[in-house]
Amino acid sequence: MTSALVPVKTDESNGDLIQLVSFNLDQEEYGVDVLKVREIIRMPVVTRVPNTPHYVEGVINLRGKVIPIISMRKRFGLMEVDSDKQTRIMVMDVEGELMGFIVDAVSEVIRISGSEIQPSPAVVASGLDQECIAGVINQAERLLVLLDLEKMFSSEERNLFGSL
Amino acid sequence: MPPIDCEDQELLEGFLTETTELLEKLDDDLVALEKFTDDADLLNRIFRSIHTVKGASSFLGFDLLVKVTHKTEDVLNRLRKGELLVTPEIMDVILEATDLVKVLVSDIKAGDIQEREIDGTISKLLPLLSEAAANLNPTVLGVNQSNPEQSSQETEKTEPITSDASNAAAVEQEIPSVPVQKTGGEMVPKKAATPPKAAEGKSDDLSDNTTVRVDVKRLDDLMNQVGELVLERNRMIQINQNLQQGMENKLDFNEEFGKLTKRMNFVTSELQMQVLKMRMLPVEKVFKKFPRIVRSMARDLGKEVNLVILGEETELDRSVVDEIGDPLIHLIRNAMDHGLETPEVRVEAGKPRSGTLILAAVHEGNQIIISIKDDGNGIDTERVGRKAVEKGLITEDQLAAMSQREMFDLIFLPGFSTKEKATDLSGRGVGMDVVKTNIKKLNGLIDIKSEKGQGSEFILRLPLTLAIIQSLLVEVEGEVYSIPLSSVLETLRVDQRQFHVIGNQEVLKLRDIVLPLVRLETIFKVQRKYEPDDFCYVVVVGSADKRMGLVVTRLVGQQEVAIKSLGNYLANVPGIAGSTILGDGRVALIVDPVGLVDGGEGSSGR
């Protein structure tokens with residue numbers, strides 16, 4: 001592995017190897033810090049929760065815990081597709097709470113070193129919020145967008161939620 | 001102050017728990033003392049508490065604490081010997097000293113011992129110690145035996161009893177029962193005679209809710225239940241194995257499995273009861289701090305109040321106990337400040353001088369009912385209505401259309417207050433809003449009964465536990481929702497053609513009332529799945545005088561469900577109180593009928 005990458009928080013440790021889980025979403029490849037990913041599961045039955053933002057798919061029962069499920073496609077304003085055999089839910093730890101994110105497919109765990117992360121160009125994938133992009137990794141023939149999910153829900157959005 | 005080394009850590013912890021406990025009781029006793037001034041037992045108990053705290057703190061070297069407790073003890077001693085009479089003024093000083101002791105103890109607890117200003121309080125205590133202060137016939141010779149040096153030295157010798165040796169013999173009989181170390185003695189390494197009893201000190205107290213003390217018997221019962229559960233599990237594995245290996249025919253399997261299900265059902269519900277019981281606390285935990293609060297407020301307000309507490313042994317879940325403290329304080333404040341009148345006004349109105357405030361707790365089915373009742377002047381609905389209009393919370397038209405009951409509810413509006421000026425006690429219009437929000441959070445209901453001139457009563461209905469509830473499962477166009485049974489009044493099957501429309505509101509004439517209807521499919525934006533049907537079910541929810549009907553497609557049945565939170569992220573979805581997991585592993589959302597009732601009222605009122 002000749003790649004190198006650094007999530008925002010570890011900027012100081014540029015030489016460190018970090019591991020990312022890469023997943024696909026509408027042709028693009030994204031990565032998140034492996035330490036944030038608790039597990040990857042197939043699509044279970046999702047219970048819809050009314051009166052929530054459209055990208056909240058609902059909640060699921062994860063071995064006795066009820067966790068919210070977010071559709072990444074809807075969140076990023078991408079075209080909606082039906083789930084297929086490849087569709088996965090990545091259960092991640094977002095600020096101490098478990099949340100599931102629906103992605104098209106999960107591919108692999110890759111190792112990169114911090115120096116390989118580049119700041120994101122002004123405009124990245126369509127509809128993607130700038131602030132949750134921690135950087136871009138440019139490897140031989142692939143381009144990986146590094147996401148910081150904790151930033152995905154702006155404080156504004158949280159409050160909006162809270163006051164609903 | 002000497003730093004506490006780790007060897008003493010255990011001692012210190014013992015001291016802290018014990019002291020906290022003593023102080024909590026002390027408040028109660030002191031207030032009681034004011035009422036029963038000649039109760040010698042009570043006075044002696046108070047004296048002993050302070051004495052124990054003093055002894056322990058001097059042993060551990062908390063000088064400030066020793067000074068304050070010592071002087072307080074001296075004053076109490078004079079009361080005990082009859083040299084002083086209990087007066088509200090003296091009680092004020094003693095209570096102030098107790099408060100100071102609490103501050104000092106909490107400093108120690110926080111591990112942050114500060115030089116606090118204690119002279120102010122002590123200087124208030126001192127005059128009471130002088131000969132001249134004797135407000136009684138001075139025939140009983142008040143030998144001011146409590147020479148500070150002497151008694152604190154003696155306490156350091158960890159023989160606290162001896163410091164009183166010079167006292168009347170009668171007193172000596174009282175005291176030995178206290179500071180003698182209890183079973184925890186072996187935990188105290190060096191000076192065995194130290195009063196802190198570590199074992200005793202571990203008891204549950206409100207300020208430390210992280211540990212639970214459980215009866216060994218209950219624990220044993222629990223273990224038995226778990227043992228049975230393990231047996232049933234083994235049986236289940238066995239049955240499964242037999243089935244897999246084809247050793248059992250279908251008929252046998254059916255029978256065996258049926259039996260197993262029954263037993264499992266039995267064992268788990270027993271287990272559930274046991275665990276629930278362990279989580280229960282007497283409501284006394286919350287109630288016991290009220291006499292003190294009521295007393296000091298009565299003094300501040302210049303009112304005379306008789307606080308009656310009933311049913312303090314009623315048990316309820318820890319989670320509920322933790323949450324009801326605040327709302328109750330606000331309700332008591334409200335009753336004291338707005339409800340009860342001053343003695344003069346009361347006498348004029350032909351009532352006894354001192355008002356009565358009754359705080360009662362009682363079980364009723366799966367609920368606990370706490371009521372705060374005063375015999376004050378009741379809620380003046382006219383004034384309340386006017387104020388609400390003045391403050392722009394409602395319009396004149398809305399006011400005109402309001403029932404008595406709805407006007408009572410106005411006092412819960414945030415920002416509402418009948419006070420012209422905010423005081424320390426009330427007037428900011430926050431308190432009742434807090435009450436409402438907290439009770440709602442607990443899934444509870446508030447009822448108000450009030451008669452002008454006769455007093456008012458606030459009735460809180462709370463679930464016994466927040467963890468498991470009885471619920472009615474309903475289906476709305478294919479989606480299953482759970483409605484807490486506690487708020488379901490009745491269910492009906494009705495023909496939709498019987499619905500009427502008033503304005504934009506669908507209503508149903510049910511016996512003599514007009515029931516506003518809410519279609520769950522509309523507010524929850526459920527996609528239609530079935531062909532429209534003439535018949536549907538209506539679940540009537542709400543409290544006594546606020547009702548509404550929820551229109552659902554089908555009733556599924558009643559089930560006991562465990563409440564699961566939706567997490568912070570989805571904590572505030574309107575109309576949804578939480579979720580639960582059904583037998584098939586799917587998640588069903590729990591409807592929040594209280595929220596719906598409120599929300600529904602709001603929109604129909606507009």
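The model scores ipTM 0.77 and pTM 0.55. For chain B, the mean pLDDT is 75, and 80% of its residues reach 70 or more. Two stretches of chain B call for care. Over residues 136-207 of chain B the pLDDT is below 50, although this stretch has 111 contacts in the model beyond near neighbours in sequence. Residues 600-606 of chain B also have pLDDT below 50, with seven contacts in the model beyond near neighbours in sequence. Where pLDDT is low, the predicted coordinates should not be read in detail.

Chain A has two helices and 11 strands. Read from the N terminus, its elements follow the order β-β-β-β-β-α-β-β-β-β-β-β-α. Of the 164 residues in chain A, 36% are buried. Among contacts in chain A with a separation of 6 or more, 57% join residues 24 or more positions apart. Chain B contains 20 helices and 18 strands, and 34% of its 606 residues are buried. In chain B, residues 24 or more positions apart account for 67% of the contacts with a separation of 6 or more.

Where the two chains meet, the contact takes 20 residues from chain A and 21 residues from chain B. On the chain A side, β4 (56-62), β5 (65-71), β7 (97-103) and α2 (155-163) each supply at least two residues. By class, this side of chain A has 11 nonpolar, seven polar and two charged residues.

Attention now turns to the nonpolar cores. The largest has 72 residues, of which F101(A), V539(B) and L550(B) touch the most other members. Setting aside neighbours within four places in sequence, L550(B) is in contact with V518(B), L520(B), V538(B), V539(B) and V541(B). Apart from this core lies another, of 42 residues, which includes M297(B), L307(B), L410(B) and I446(B).

After α18(B) comes N443(B), whose phi is positive, near 70 degrees.

Most residues other than glycine have a negative phi, and most peptide bonds are trans. In chain A, D26(A) has a positive phi, near 45 degrees, and sits in the loop between β1 (17-25) and β2 (28-33). D26(A) is partly exposed, with 15 other C-beta atoms within 10 Å. In chain B, E477(B) has a positive phi, near 45 degrees, and its place is the loop between β8 (468-476) and β9 (479-484). Is E477(B) buried or partly exposed? With 15 other C-beta atoms within 10 Å, E477(B) is partly exposed, because a residue counts as buried if 20 or more lie within that distance and as exposed if 12 or fewer do.

Terms used. Residues numbered from 1 in each chain as written. Chains lettered and ligands numbered in written order. Predicted model: local features only at pLDDT ≥ 70, side-chain atom pairs only at ≥ 80, totals over all residues. Helix = DSSP H or I, 4+ residues; strand = E, 2+ residues; numbered from the N terminus. Core = buried A, V, L, I, M, F, W, Y, C linked by C-beta atoms within 7 Å. pLDDT = per-residue confidence, 0-100. Nonpolar A, V, L, I, M, F, W, Y, C, P; charged D, E, K, R; others polar.
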